[in-house]
Amino acid sequence: MIDDDQIEQIEEQYAPRERGKKIQFKRGRSHKQVIAQIADVAKNTPTGWSGIAYPTPPLGMIEQASDARAGFNPSFHASRHERKWIITYLGPFYEDSLITDVLHPVKGGKEANVYCCAAHPTIGAQWLAAKVYRPGIFRKLKNDALYREGGVLKEDGRVIRNRRAQVAMKKKTDFGKEILHANWLENEYGILRALHSAGADVPQPFASGENAMLIEYIGEEGAPAPPLNRVRLERAEAKNLFERLMHNVQVMLAHDCVHGDLSGFNVLYWEGDIWIIDFPQAVNPFKNPHAFKLLTRDLERLCDHFARYGIRAEARALARELWKKSNLPE
Ligand SMILES: Nc1ncnc2c1ncn2[C@@H]1O[C@H](COP(=O)(O)OP(=O)(O)O)[C@@H](O)[C@H]1O
Ligand SMILES: [Mg+2]
């Protein structure tokens with residue numbers, strides 16, 4: 001396991017910075033080191049659809065994988081700490097012949113880092129997305145009273161009932177954090193499996209491991225699919241996609257799932273198709289007393305987003321309609 005300091009370094013490195021903003025430098029660096037860092041950032045900064053750059057670490061920090069798992073030597077040149085992180089959490093996927101390489105980071109968000117990996121030839125796809133959870137996911141806990149009530153659901157829909165575990169979760173002790181962490185991951189992977197086999201527009205899940213999962217990669221190498229809020233649609237296409245999203249919300253409800261964080265940020269768009277992503281906080285409408293509120297909020301955000309294309313839809317009415325159609329309790 002890596003310690004908090006190392007995690008902080010990774011967080012710092014991944015904090016998205018807008019293009020054109022000043023690069024932050026650690027205090028105490030020599031002039032020469034700073035110049036080297038600027039050169040390196042300029043050389044290695046992938047600026048994609050979002051215009052957000054993720055500075056890579058200074059060259060001096062790049063270390064060849066002496067600690068690599070047998071043969072696993074990712075070609076993405078991460079910092080020493082991030083590399084360790086990658087080898088720890090994605091190494092098992094390499095050993096299981098699911099991926100052959102880690103090519104580049106897609107995005108470091110608040111709760112997860114996503115990497116584009118080369119898929120093993122047996123997978124039948126060229127790339128896979130690896131989502132590695134970050135300790136930042138715990139921050140979500142601060143505002144998650146809505147999600148937490150009713151317990152975190154396991155893949156089979158059971159809720160954690162163990163008293164010690166519940167107390168630990170409430171107190172957010174290390175033990176509690178571990179449980180919650182494991183549950184976020186299990187929750188997301190289990191839901192993806194259920195929804196993908198139900199035909200919903202979600203990335204196909206391939207494997208889950210300790211702290212990470214492998215799912216279908218949307219986009220191309222070096223060009224990950226942008227989220228909807230970065231895309232400008234034609235009106236007719238927008239109308240179709242809105243309807244398709246409503247259909248997906250219905251499929252989710254039919255499978256006891258309210259996304260809970262649905263918006264233009266968590267819908268990927270690629271060549272006319274959409275994929276809904278980011279499910280760790282999803283709740284079961286039979287277990288969570290706030291599920292209807294969360295559904296309404298999801299729909300409000302989607303309706304807000306699509307209003308720019310002249311689509312008029314009333315989120316509350318839609319929520320009531322979908323809820324009723326799914327025979328959910330009043
Ligand atoms: N399957 C995927 N294919 C391509 N890009 C992805 C995929 N999954 C996630 N991403 C990218 O990574 C970002 C973070 O993933 P997400 O699941 O939304 O986690 P977070 O909780 O950090 O928002 C997304 O906004 C998207 O840009
Ligand atoms: Mg997200």
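Analyst: Helix 7 (residues 235–254) and helix 9 (residues 315–325) pack at an angle of about 40°, with their axes 9 Å apart; helices here are DSSP runs of H or I of at least four residues, and strands are runs of E of at least two, numbered from the N terminus. Axes are lines fitted to C-alpha atoms, for helices over the stretch in contact, with angles from 0 to 180 degrees between N-to-C directions. This is a predicted model, in which local features need pLDDT of at least 70 and side-chain atom pairs count only at pLDDT 80 or more, while totals for chains, interfaces and linings use all residues. Residues are numbered from 1 along each chain as its sequence is written, and chains are lettered from A and ligands numbered from 1 in the order in which they are written.

User: Which residues of helix 7 and helix 9 make the contact?

Analyst: Met246, Val249, Gln250 and Leu253 come from helix 7, and Leu318, Leu322 and Lys325 from helix 9, where contact means C-beta atoms, placed from the backbone, within 7 Å.

User: OK, and the sheet: what is the order of its strands?

Analyst: The sheet is open, with five strands in the order 3-4-5-7-6 and antiparallel pairing; two strands pair if DSSP finds at least two bridges between them. Strand 3 (99–108) and strand 6 (205–209) stand at the edges with a single partner strand each, so one side of each has no neighbour in the sheet.

User: How many bridges join strand 4 to strand 5?

Analyst: Seven bridges join strand 4 (residues 112–119) to strand 5 (residues 127–133), and Tyr115 has Ala130 of strand 5 as its bridge partner.

Conventions
Contact = placed C-beta atoms within 7 Å.
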